[in-house]
Amino acid sequence: MIIAVCSFSGAPGVTTLATGLAALWPAGPLTVPVLVEADVSGGDLATWHRIAGRPGLVSLTASVRATSGPVVVQEEGTRRVLLRHAYELPGGMRVVAAPPTAHEAAAVVVALTRRIQVLFGGVTVLDLGRVMPGTAGAHLLAQVDAAVVAVTGNDPSQIHRVARCRDVLDALAEGGTRVGLAVRDSRFPADEITAETGYPVWASVPTDTTGAAFLRGEGTGPRGLRQRVAAWSHTRQDPDAVEWMPLLATARRLAEHIDDQIWVREPPSSDARRLEGVAA
């Protein structure tokens, strides 16, 4: 299953939301979610978590680039390839970080589109950043099972832009992709945004500086009596859990919603999907 998080304009916190989804995905013992940063404008994860020079998108695309022709690899084999190039952060989340600059990142994201089959075989969260027509990010978006379009809700121009991209979203939906919106700090009701854009609001994302800092690797848990009381009142069991933070609680609910949405439908042919991602 591949879940993409993207935006069409602005900076509505795509990487933060994608990180939250991967971190809070309802994983079982055999499910290892992997966050893959595939933003052609450059990535943030390597800087956030101080893992520059570690395995990542550059090493992943270099390893699969050597394979030429329409080679179909078994899903469990592709997953092992992806995991070999994923860095495990404290807490167990696996990330494949992109280079921080556009001139480096764009080339490796293009290379990824030519071997997209490496993303199949498990739960992969793609951080596509801002997607524009004709880009490698747009090509990847067309291959996913679920697309979360992030929007800043207090900016009517962003909502209007999503509405004007209705034909793009409709094409995704017709291809079997589930599409929903994640609206940050909205001053408009969810039903009005749905009426304007034609797509449901899957999540209302709050401003949560503590939660955002936690996802950037800058915090480890509740600090001080007030935060510990808030943690206990939310979880009723463990003040060291993370879902007392509103942003992470929202990410958990969104992940569970997407998980339910995807598995209730018949999955597409795995052979066809893998072949679509191989360059001619």
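R166 is partly exposed, at 36% relative accessible area. The scale here is buried under 20%, exposed over 50%, partly exposed in between, with a 1.4 Å probe and protein chains only. R166 forms a salt bridge with D170, and the closest N and O atoms are 3.1 Å apart. By salt bridge I mean a side-chain nitrogen of Lys or Arg within 4 Å of a carboxyl oxygen of Asp or Glu. D170 is partly exposed too, with a relative accessible area of 24%. Both residues sit in helix α8, residues 166-174, four residues apart, about one turn of the helix. Helices are DSSP runs of H or I with at least four residues, strands are runs of E with at least two, and both are numbered from the N terminus.

A word on the source. This is a predicted model, so local features need pLDDT of at least 70 and side-chain atom pairs count only at pLDDT 80 or more, while totals for chains, interfaces and linings use all residues. Residues are numbered from 1 along each chain as its sequence is written, and side-chain values use heavy atoms, leaving out hydrogens and water.

How many salt bridges does a search of the whole structure find? Four. Another of them joins E88 and R94, at 3.5 Å from N to O. E88 is partly exposed at 46%, and R94 is partly exposed at 22%. R216 forms one with E218, the closest N and O atoms being 3.1 Å apart. R216 has 23% relative accessibility, so it counts as partly exposed.

Strands of a sheet pair through backbone hydrogen bonds, either parallel or antiparallel.

Take β2, residues 34-37. Both faces are covered. V34 and V36 lie on one side, L35 and E37 on the other, and all are buried. β2 pairs in the parallel sense with β4, residues 94-96, over three bridges. There, V36 stands opposite V96. Four bridges join β2 to β5, again in parallel. E37 has D127 of β5 as its bridge partner.

β5, residues 124-130, also runs parallel to β1, residues 2-7, with six bridges between them. Within that pairing, A4 is partnered by L126.

On to helix packing. α7 (residues 156-164) and α9 (residues 190-197) pack at about 40°, their axes 8 Å apart. That makes α7 oblique to α9. Axes are lines fitted to C-alpha atoms, for helices over the stretch in contact, and angles run from 0 to 180 degrees between N-to-C directions. Under 35 degrees is roughly parallel, over 145 roughly antiparallel, 65 to 115 roughly perpendicular, and the rest oblique. From α7, the contact takes I159, H160, V162 and A163; from α9, I193, E196 and T197. Contact means heavy atoms within 4.5 Å. The contact residues divide into four nonpolar, two polar and one charged.

Last stop, A138, in helix α6, residues 136-141. A138 is partly exposed, at 23% relative accessibility. Setting aside neighbours within four places in sequence, A138 is in contact with V131 and M132. A138 and L128 are ten residues apart in sequence and 8.5 Å apart in space, C-alpha to C-alpha.

Conventions:
Pairing = 2+ DSSP bridges. Nonpolar A, V, L, I, M, F, W, Y, C, P; charged D, E, K, R; others polar.
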